[in-house]
Amino acid sequence: MTGSRGSELTTRRRWIALFGLVAALGAGALTGCSADPDGQAGRTPSGSASEPAAEAEPTFAPIGPLEEVLGYDLSFGSAADVAADIAWRENQVAQCMKEQGFEYWPMVPGAESITFHAGPLPGSREFVEAYGFGISTQETGGAGWTFSGTQAPEQLAYLEGMSAAETEAYDTALYGPVTDDPASDDQGVYRAGGCAVPSNEGASDDGLDLIRSEANAFLMGLANHSALDDLNREWSACMADSGYTEASPSSLKARLDAEFMELSAGGGPGGSALEPDSELVETEMILALADLECREKLDYDARSLEIRHTLQQDYLTANQADLDRLQQAIEEAAA
């Protein structure tokens with residue numbers, strides 16, 4: 001959902017933006033966690049950011065060979081690394097908006113404005129016991145970073161001088177076309193794509209956009225790949241022992257997500273969590289714990305991760321020439 005245009009903006013760390021991809025790949029994409037004693041996992045603080053906290057970095061499972069080519073690095077860097085990454089991406093957005101005929105002033109934070117957050121990672125026991133899958137509770141992970149920054153006065157003046165039609169065109173260029181328009185006036189509209197999501201990162205020429213989109217589609221489909229059928233049957237049998245009829249972890253999450261979207265009138269990321277005592281929240285918590293027990297019993301995460309990495313390597317080998325061109329373009333853009 002598009003946010004307000006106030007002068008104070010808060011941006012969540014890049015890997016959390018990839019949560020949908022991580023969730024689709026399965027909980028094994030993330031392993032390990034650190035405790036969240038303050039109960040602030042997944043919450044974005046308001047106001048100015050504090051000094052970076054000296055907290056232990058969560059342990060991430062290794063990314064696969066195709067994810068590496070596409071630049072999906074989930075590890076944490078220093079505050080200076082994070083600030084540099086944001087600056088590069090903000091300038092990518094500015095260039096994209098310029099090509100669309102609009103002005104955009106990059107918001108570039110200093111290292112001192114980056115705040116690191118510890119917390120349980122999706123799929124970990126700590127996360128599941130606190131938030132289930134993070135669907136109806138609307139928690140998408142505590143570990144990560146945030147920063148608060150101020151929009152340039154020129155940006156604010158530029159936006160305020162637009163007509164309603166110009167504002168709509170600007171929002172479409174920046175955030176993408178409207179995908180959902182909730183009935184509630186205070187919810188705003190939901191958009192997808194646009195320059196604010198610089199997914200091509202230097203891969204817009206010579207058909208590289210298509211190569212990248214096809215590779216991303218392959219990654220998104222891995223959770224439902226037939227190579228996982230035997231493992232998912234083991235998981236399904238384990239869930240049946242507890243009285244639950246489910247085909248796979250991904251189909252279970254998809255069903256709960258659909259139920260939440262229906263109940264919350266298009267909630268989704270950025271929408272409102274349901275009340276803790278709501279039936280769907282209680283159901284999600286029970287099923288998430290059952291799923292966790294079966295995943296741990298079967299060593300599901302490690303086994304599925306090995307299968308997915310093998311599939312990624314097979315895809316990489318079959319499309320080596322195209323992906324080499326894509327990787328070169330990404331590296332040149334980053335330089």
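Biologist: Where is the place of Asp299?

Modeller: Asp299 sits in the loop between α11 (279–298) and α12, where helices (H or I, at least four residues) and strands (E, at least two) are DSSP runs, numbered from the N terminus. This is a predicted model, in which local features need pLDDT of at least 70 and side-chain atom pairs count only at pLDDT 80 or more, while totals for chains, interfaces and linings use all residues. Residues are numbered from 1 along each chain as its sequence is written, and side-chain values use heavy atoms, with hydrogens and water left out.

Biologist: And what is the phi of Asp299?

Modeller: Although Asp299 is not a glycine, its phi is positive, at about 55°. Asp299 counts as partly exposed because its relative accessibility is 43%; buried means under 20% relative accessible area, exposed over 50%, and partly exposed in between (1.4 Å probe, protein chains only).

Biologist: How many helices and strands are there in the protein?

Modeller: The protein has 13 helices and five strands, and 44% of its 335 residues count as buried.

Biologist: At what angle do the axes of α9 and α12 cross?

Modeller: The axes of helix α9 (residues 229–241) and helix α12 (residues 300–318) cross at roughly 165° and come within 10 Å; axes are lines fitted to C-alpha atoms, for helices over the stretch in contact, and angles run from 0 to 180 degrees between N-to-C directions. That makes α9 roughly antiparallel to α12, since angles under 35 degrees count as roughly parallel, over 145 as roughly antiparallel, 65 to 115 as roughly perpendicular and the rest as oblique.

Biologist: Which residues of α9 and α12 meet there?

Modeller: Leu231, Asn232, Glu234 and Trp235 of α9 meet Tyr300, Arg303 and Ser304 of α12, where contact means heavy atoms within 4.5 Å. The residues of this contact divide into three nonpolar, two polar and two charged, with Ala, Val, Leu, Ile, Met, Phe, Trp, Tyr, Cys and Pro counted as nonpolar, Asp, Glu, Lys and Arg as charged, and the others, Gly among them, as polar.

Biologist: How do α9 and α11 pack, then?

Modeller: α9 and α11 pack with their axes 9 Å apart, at an angle of about 125°, and they are therefore oblique to each other. On the α9 side the contact is made by Glu234, Trp235, Cys238 and Met239, and on the α11 side by residues including Leu287, Ala290 and Asp291. By class, this contact of α9 with α11 has seven nonpolar, no polar and four charged residues.

Biologist: Changing topic, how many aromatic pairs are there?

Modeller: The count comes to five aromatic pairs, where rings of Phe, Tyr and Trp (its six-membered ring) pair if their centres lie within 6.5 Å, and planes under 30 degrees apart count as stacked, over 60 as edge-to-face and the rest as tilted. Phe102 and Tyr170 form one that is edge-to-face, at 5.4 Å centre to centre with 85° between the planes. Phe102 lies in the loop between α4 (79–99) and β2 (114–117) and Tyr170 in helix α7, so the pair ties together parts that are 68 residues apart in sequence.

Biologist: Are both Phe102 and Tyr170 buried or exposed?

Modeller: Phe102 and Tyr170 are both buried. Tyr158 and Tyr170 also form an edge-to-face pair, at 6.1 Å centre to centre and 65° between the planes.

Biologist: Which residues do the ring pairs link into a cluster?

Modeller: The cluster linked by ring pairs consists of Phe102, Trp105, Tyr158 and Tyr170.
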